[in-house]
Amino acid sequence: MLRPQDGPTRERRSLSGLWSFRLDAEGVGRTEGWWSSALAGAVDIPVPASYNDIFPDVNVRDHVGDVWYQTHVWVPARWAGERTVLRFDAATHRATAWVNDVEVARHEGGYTPFEADVTAHIRPGAENRVTVVVNNELTWASIPPGQVEEREDGRRVQKYFHDFFNYAGLHRPVWLYTTPPAHITDITVTTTFEDTTGLVTYRVDGTTQAEEHEVRVSLRDASGVEVQTATGAAGILRVADVHPWAPGDGYLYELEATLWSGSGELVDSYRQSVGVRTVEVRGTKFLINGVPFYFKGFGKHEDAAVRGRGHDDILMVHDFALMEWTGANSFRTSHYPYAEEVLDYADRQGVVVIDETAAVGLNLNIAGGVFASGRKVSTFSPDTASESTLSTHLQAVRELVARDKNHPSVVLWSIANEPDNVAPEARDYFAPLATEARRLDPTRPVAYVNALMGDPDQCVVSDLFDVLLLNRYYGWYFGPNDLGGAETNLEAELRQWAAYDKPIVITEYGADTYPGLRSVVSSPWTEEYQTELLDVYHRVFDRVDAVVGEQIWNFADFATAPGVFRVDGNKKGVFTRERRPKSAAFSLRARWCKTG
């Protein structure tokens, strides 16, 4: 799915701004047809943003069910005769949309885009009504999963198995855009090298009408100079003395694909950025452009005060600047696909990304990020993670790859975070997911993120994947306040994993730290303990050759569901939620900047 863009044959209009908003606590809006007129009793709300923290109202923050958004947009008269598309970059966790009185789209999944051709329903030269109902309920048929409880007092309570707040709403921009009737529908680009020559393999897909037209492509370097051209819907462009995309060097070419009529008229045009680079796993090495790469960075969240999970360019640029200050070169989109603007920026900045689906919480032995005790239970059953869960999960993988396949910053697909990996049923669940990810994109390795739920020889799925991504909390959830034991146990386990002859990236490690809590004798929750725990892990990483990366949990403190294990959210950030550094941030800067 191509992103909206302005150009000689296309025009886009952002629908970001203030929309009308109404809770549907009784769940009657669909029956009563709220889309067919102005929303009665509505209030203004910003889009994009999570709705939960905008108002000082617990009924909004903890709402379970439908909420309604509505706006009115003037469609230019010049759009008559053009194909017009309504696009939502994300609606969490599912949505149904109407234009004027007509339903135009339904979508499941809260972090990938969906769109609808609304040409037949839009009135050019007039004002048009756009309405969308967004539902935040999580079930075992959704990704991520959850359960809705109906209390005796009539309250509906959402239970979920992940350790971050269930923000919902229109988190990302909404667009109206045009294309010609005959148009380009998709572009796929892959790259490799022959010595210093870059090979850019491309495929341009179009509508049936587009098949009647000639496809031309042009590749330009970063200064706009044309370096290669070709004719045809598929081919290979050879770029002599290519400038590779590399970590720290976000060099991008631009491929322009055009459709031309038999009479020589331009029919459609689309521009796609291209970073020429390769990714390979060889033994315990992770190679970018044939050079071993060491991941230094963070797990992150799209999370900020008031905005919730709403995309914000200001915060995005600031976060990247802070990561650069620490010396980080990478991050994981934990635990869902991030806004496309984030990946565009990572491409330009030369920052490496592990791209993850929203499949977090597929483990009944972890409750809200805290490890359960006692007898382990299987997550997989007809009433829990089942065939319907797998079907939703497969679609999430497809939509992730379709959206992000052309980003050079994305070097690895992560298809789940901390699932049950020891139950025998896990293999039948994850095997088709790994197969589908490789079928969709054979150019990138595939992985899942492993929680400490058993010894390495108890895992039944790791051999299905290319890279070992491990979340480990020795010295925190396991043996808190015992850093000596943490160092011994971590090294012993990592040496076991090293026998798999695969690269190991530690994708989570850390300790909750209350900012400003200091002690001459370090103890849990102090800034000193966080710094010392990270130092322990780093000593171990430096001794185990198979470890090719360290991504601390977390970049910044973030909101969670309230509970006795969380004081105003998760405090494992090396920055506060307001992006103020804790002591550990300076320790990381000393380590990561020194090692290049």
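Which residue lies over the face of W34, and at what distance from the ring centre? It is R22, at 3.7 Å from the centre of that ring, where a charge is taken to sit over a ring if NZ of Lys or CZ of Arg is within 6 Å of the ring centre and within 35 degrees of the ring normal. This is a predicted model, in which local features need pLDDT of at least 70 and side-chain atom pairs count only at pLDDT 80 or more, while totals for chains, interfaces and linings use all residues. Residues are numbered from 1 along each chain as its sequence is written, and side-chain values use heavy atoms, with hydrogens and water left out.

**Aromatic rings**

- A further charge over a ring is that of R216, which lies over the face of W260 at 4.4 Å from the ring centre.
- The count of aromatic pairs comes to 36, a pair being rings of Phe, Tyr and Trp (its six-membered ring) with centres within 6.5 Å, called stacked if the planes are under 30 degrees apart, edge-to-face if over 60 and tilted for the rest.
- One of the pairs is Y111 with Y336, which is stacked at 4.6 Å centre to centre with 15° between the planes.
- This pair links distant parts of the chain, 225 residues apart, with Y111 in the loop between strand 7 (102-108) and strand 8 (114-117) and Y336 in the loop between strand 24 (330-332) and helix 4 (340-349); helices (H or I, at least four residues) and strands (E, at least two) are DSSP runs numbered from the N terminus.
- Y111 and Y336 are both buried, a class that means under 20% relative accessible area, with exposed meaning over 50% and partly exposed in between (1.4 Å probe, protein chains only).
- F165 and Y167 form a tilted pair, with 4.8 Å centre to centre and 55° between the planes, and both of these residues are buried.
- Y111 and Y336 also belong to one aromatic cluster together with F164, F320, F331, Y338 and Y345.

**Salt bridges**

- The structure holds 53 salt bridges, each defined by a side-chain nitrogen of Lys or Arg within 4 Å of a carboxyl oxygen of Asp or Glu.
- R129 and D101 meet in a salt bridge at 2.5 Å, N to O, and the pair joins distant parts of the chain, 28 residues apart, with R129 in strand 9 (residues 126-135) and D101 in the loop between strand 6 (94-99) and strand 7.
- R129 counts as buried because its relative accessible area is 14%, whereas D101, at 51%, counts as exposed.
- E550 and R591 form a salt bridge whose closest N and O atoms are 2.9 Å apart, linking strand 32 (residues 547-552), which holds E550, to helix 9 (residues 583-594), which holds R591, across 41 residues.
- Both partners count as buried, E550 at 1% relative accessibility and R591 at 17%.
- R155 forms a salt bridge with D153, the closest N and O atoms being 2.9 Å apart; R155 is partly exposed, with a relative accessible area of 46%, and D153 is exposed at 54%.
- A network of salt bridges links R3, R87, D89, E115, E340, E341 and D344.

**Surface patch**

- Y514, L517 and V567 form a nonpolar patch on the surface, with about 260 Å² of accessible area together.
- Patch residues have over 30% relative accessible area and no salt bridge, with like charges joined within 9 Å and nonpolar side chains (Val, Leu, Ile, Met, Phe, Trp, Tyr) within 5 Å; accessible areas come from the Shrake-Rupley method with a 1.4 Å probe, and for residues only the protein chains shown count as cover.
- Y514 is found in the loop between strand 31 (504-508) and helix 8 (527-543), and counts as partly exposed because its relative accessibility is 40%.
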